[in-house]
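Please examine the structure shown below before reading on.

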Amino acid sequence: MDFTFSAEQELLRDGLSKFLAGRYDLETSRAAAKSGPGWQPDIWHSFAEELGILGAALPEEVGGIGGGAVEVMLIAEALGHALVIEPYVDTAVVAAGLLLRSGSTAAGPVLEEIASGTAIVALAAAEAESGDRWQDVQTTASRDGDNWVLSGDKIMVMNAPVATHLLITAQTAGGISLFLVDVTTLPAGLTLHSYRTVDDRRAADLELRELRLPGDALLGAEGEAWPSIAQARDEGATAVCAEAVGNMRKVLADTVEYAKQRQQFGQPIGSFQALQHRMVDMHMELEQSVSAVYLAVLNLETDAHTRARSVSAAKATIGRAARFIGQNAVQLHGGMGMTEELAIGHYFKRLTAVQYEYGSTDYHVTRYAKLTRG
């Protein structure tokens, strides 16, 4: 099997990596996350206007470049290597995929806004009682004339505080449906409880109290949204796995460099065989993760069973590797590894959070076991 990238894909990756190396400063990013708006709008607009990555996986008719899963993987890995907090995966991969597959007239303008960098879209699917089981939806949506009325609660809606639109799952008479909500002006009946996550991102819990939406807020056919949501979740899981690979490459490189410089007993700690073995183990975990991500990417457009099995294998592999590499990197750096002065502490937080996004490691281990059971 050929794993080489095309010239266009190489150009995409190299151009993005150079942009991030020259213009994405970690200290500035953390300052925006902790005390500013939570992200950098100018960087987001540059992603759209200068690099075109927000529309990389979108068709040309909505302003995209017609790429696919490989392009998303390359972009996500580069963003992970720079520890970018802007909501690429949630908006340009997950939400964009849901909007594109819905075929609704309301989706087209929002897709164009995503590609142009003027829209941020967040998916509200998780609920307190269901946890990782997104299909167990308690939020309800009922018709009231030409309108829809939504009631319920959503938790851990990533990037909701900075979003222009929300995609909300709700139970209708025919099954699970998906609704598009414009939140540029917060509508009556919707309350956001915002907070900052452990990895310096913004999220919110939602209260829906008879939230009234127009009839065209329904995306796709009533009650038939779950297959698209399941696909979007697998696409999001694969993208954050690729992001984690970028995280881990940076963490491992920084750890090896630190081991060459840190002196103990008159020599670099990297000269000690026990620590060399530890870093080799970290490298092996990284290489296994890369292979698992490739498998998931190559199976994203196959049948649902094969796709789900490959994605769960990747997410479980990444979950184990992220924990192992993150913890060992911190340990090899000593007490400094947990401080905010070093990049390693910020990357460790992100690698911890990745283990729970789009299904926890335990969820995907269990799903993989069920899907491979003879």
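The paragraphs that follow treat pockets, then cavities, then pairs of helices.

This is a predicted model, in which local features need pLDDT of at least 70 and side-chain atom pairs count only at pLDDT 80 or more, while totals for chains, interfaces and linings use all residues. Residues are numbered from 1 along each chain as its sequence is written, and side-chain values use heavy atoms, with hydrogens and water left out.

Some terms are needed at the outset. On a 1 Å grid over the protein atoms alone, a cavity is a set of points where a 1.4 Å probe fits but cannot get out, whereas a pocket is an open set with protein on both sides within 12 Å along at least five of seven lines; lining residues have an atom within 4 Å of a point. Grid points are joined across faces, edges and corners, and a volume is the space filled by probe spheres set on the points.

The largest pocket holds about 490 Å³ of space. It is lined by 22 residues, and those closest to its centre are Met156, Met158, Tyr356, Glu357 and Tyr358. Helix H5 (88-102), strand S1 (121-124) and strand S3 (147-158) are the elements that give two or more residues to this lining; helices (H or I, at least four residues) and strands (E, at least two) are DSSP runs, numbered from the N terminus. Strand S3 provides the largest share of the lining of the largest pocket, namely four residues. By residue class, the lining of the largest pocket comprises 14 nonpolar, three polar and five charged residues. Here Ala, Val, Leu, Ile, Met, Phe, Trp, Tyr, Cys and Pro count as nonpolar, Asp, Glu, Lys and Arg as charged, and the others, Gly among them, as polar.

Where does the largest pocket lie? It lies between domain 2 (122-223) and domain 3 (226-373), because both give residues to its lining. The domain bounds come from an automatic or database domain assignment.

The second largest pocket has a volume of about 380 Å³. Among the 20 residues that line the second largest pocket, Ala57, Gly68, Ala69, Arg101 and Glu235 are the closest to its centre. Helix H4 (69-81), H5 and helix H7 (226-261) each supply at least two residues of this lining, and H5 gives the most, with six residues. The lining of the second largest pocket divides into twelve nonpolar, five polar and three charged residues. Since domain 1 (7-119) and domain 3 (226-373) both give residues to the lining, the second largest pocket lies between them.

A search of the whole structure finds three cavities of 30 Å³ or more. The largest cavity has a volume of about 130 Å³. Its lining consists of 15 residues, of which Glu86, Tyr88, Val89, Arg201 and Glu243 lie nearest its centre. The elements giving two or more residues to the lining of the largest cavity are H4, H5 and H7, with the largest share, three residues, coming from H5. Eight nonpolar, one polar and six charged residues make up the lining of the largest cavity. Domain 1 (7-119) and domain 3 (226-373) each contribute at least three residues to the lining of the largest cavity.

The second largest cavity contains about 40 Å³ of space. Its lining is formed by Gly38, Trp39, Ile85, Pro87, Asn159, Val162, Arg201 and Arg202, which divide into four nonpolar, two polar and two charged residues. Because domain 1 (7-119) and domain 2 (122-223) both give residues to the lining, the second largest cavity lies between them.

The last topic is the packing of helices. Axes are lines fitted to C-alpha atoms, for helices over the stretch in contact, and angles run from 0 to 180 degrees between N-to-C directions. Angles under 35 degrees count as roughly parallel, over 145 as roughly antiparallel, 65 to 115 as roughly perpendicular and the rest as oblique.

The axes of H5 and helix H6 (residues 107-116) come within 9 Å and cross at roughly 155 degrees, and the two helices are therefore roughly antiparallel to each other. H7 and helix H8 (residues 273-298) pack at an angle of about 160 degrees, with their axes 10 Å apart, so H7 is roughly antiparallel to H8. The axes of H4 and H7 come within 7 Å and cross at roughly 40 degrees; H4 and H7 are therefore oblique to each other.
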